[in-house]
Amino acid sequence: MLKEIEIQNFRCFEQIKISGFERVNLIGGKNNAGKTALLEALLLNDAPQARSLVMLKALRREPSKVIEAMPDKAWDNLFYVLEKGRVIVIIGKHENKEIHQIEVSIDKSSNLKELLLNKDAEEVIDFLSSNTSGLSVLTIKLTRNDEEPIKSSVIASSKGVITSSIPNADGSSPIIPSFMRNSGKNLTEAYDRSRLDEKDSEVLKAFQILDSSIESVESFSIGEPTLYLRRKGEKRLPLSLFGDAMNRVAEIILKLVNNQHKILLIDEIENGIHYTSQREFWRMLFRLAVELDTQIFATTHSLEMLQEFAYVGLEQNQECSSAYFELAKKPKTNEIIGIRRDLETLNYALEHQKGVRGE
């Protein structure tokens with residue numbers, strides 16, 4: 001389990017260290033305080049590979065046409081104040097004393113044959129022959145404790161992007177962005193995986209938190225694979241007709257029960273979830289985090305979501321450890337800092353209407 005992260009020269013962070021992570025962690029702060037950037041740094045710490053760098057661009061909805069038009073600027077916004085001469089450093093310290101140090105930098109050597117060693121030879125030859133100028137190479141290096149570093153690279157060119165790392169076989173990722181809706185096909189395939197592992201009952205329980213009349217979940221592959229829900233006394237209907245909240249909760253729970261990463265990153269966890277359902281939703285996340293040995297990091301703008309998080313975390317006999325982290329900017333320097341609050345301190349601040357969201 002990750003206990004501390006230190007970030008240098010990444011996104012809005014010139015230098016920040018945050019310590020004291022628990023099993024479930026909630027992150028708050030004003031807009032542009034670095035909440036999403038912190039999740040992205042946690043993603044790189046968990047999956048320090050070139051494909052993760054490409055994923056970050058997709059999560060920010062950066063058009064591929066921009067990369068093709070200006071490949072030399074493809075990676076600029078990963079670096080603090082767009083200074084790509086810097087080296088991004090992310091250091092993660094774990095409960096078992098293991099230390100991951102990730103370094104991300106622009107590679108000026110451009111030894112493409114070496115960088116693309118893991119790619120199919122025909123693909124490399126075709127790529128090299130059609131890309132002789134305008135390349136931008138980003139390299140990510142992972143060092144675990146005193147082991148030999150592991151490197152992978154991603155290359156932007158006028159023809160697109162190619163990486164030297166091999167993606168996960170199932171294409172899974174531990175991050176759930178705030179705005180992107182997963183396809184019905186992907187959700188159905190994820191549900192079928194949960195059925196194979198005998199975890200599909202957790203998906204039904206999650207739906208029942210939002211709508212207690214839901215009595216069954218089924219998957220059908222007639223045409224495009226689709227999830228169907230059935231309310232008591234009604235005919236089954238496709239999940240897409242039940243609104244954004246049901247789709248959002250489906251993605252969160254399915255990511256959690258199918259998770260191979262042992263970490264789940266959720267941006268703006270409150271999106272679509274009515275305040276009357278938030279307490280039970282937190283109870284479910286706290287329970288599953290322990291049962292599935294998964295560490296959860298979520299961001300929020302919602303005061304109600306924050307209040308319910310504190311309430312559930314302080315419940316008697318709560319087995320899951322949790323903490324709240326407030327990101328705020330120092331008034332004089334604009335430096336972003338992370339303030340850890342245990343739940344007793346957080347609850348006191350909430351009850352006395354003190355600022356806890358970067359105010």
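What percentage of the 359 residues of the protein count as buried? The answer is 49%, where buried means under 20% relative accessible area with a 1.4 Å probe and protein chains only. Please keep in mind that this is a predicted model, in which local features need pLDDT of at least 70, side-chain atom pairs count only at pLDDT 80 or more, and totals for chains, interfaces and linings use all residues. Residues are numbered from 1 along each chain as its sequence is written, and side-chain values use heavy atoms, with hydrogens and water left out.

Now for the overall form. The protein has 11 helices and 16 strands; these are DSSP runs (helices H or I, at least four residues; strands E, at least two), numbered from the N terminus. Along the principal axes, the C-alpha atoms fill a box of roughly 65 × 55 × 35 Å. Among contacts with a separation of 6 or more, 66% join residues 24 or more positions apart, a contact being heavy atoms within 4.5 Å.

Finally, take a look at two loops. Arg11 is in the loop between strand E1 (2-10) and strand E2 (13-19), and has a positive phi of about 55° although it is not a glycine. Arg11 counts as buried because its relative accessibility is 10%. Asn334, in the loop between strand E15 (322-329) and strand E16 (336-341), is not a glycine either, yet has a positive phi of about 65°.

Key: Buried < 20%, exposed > 50% of the residue type's maximum accessible area, 1.4 Å probe, protein only.
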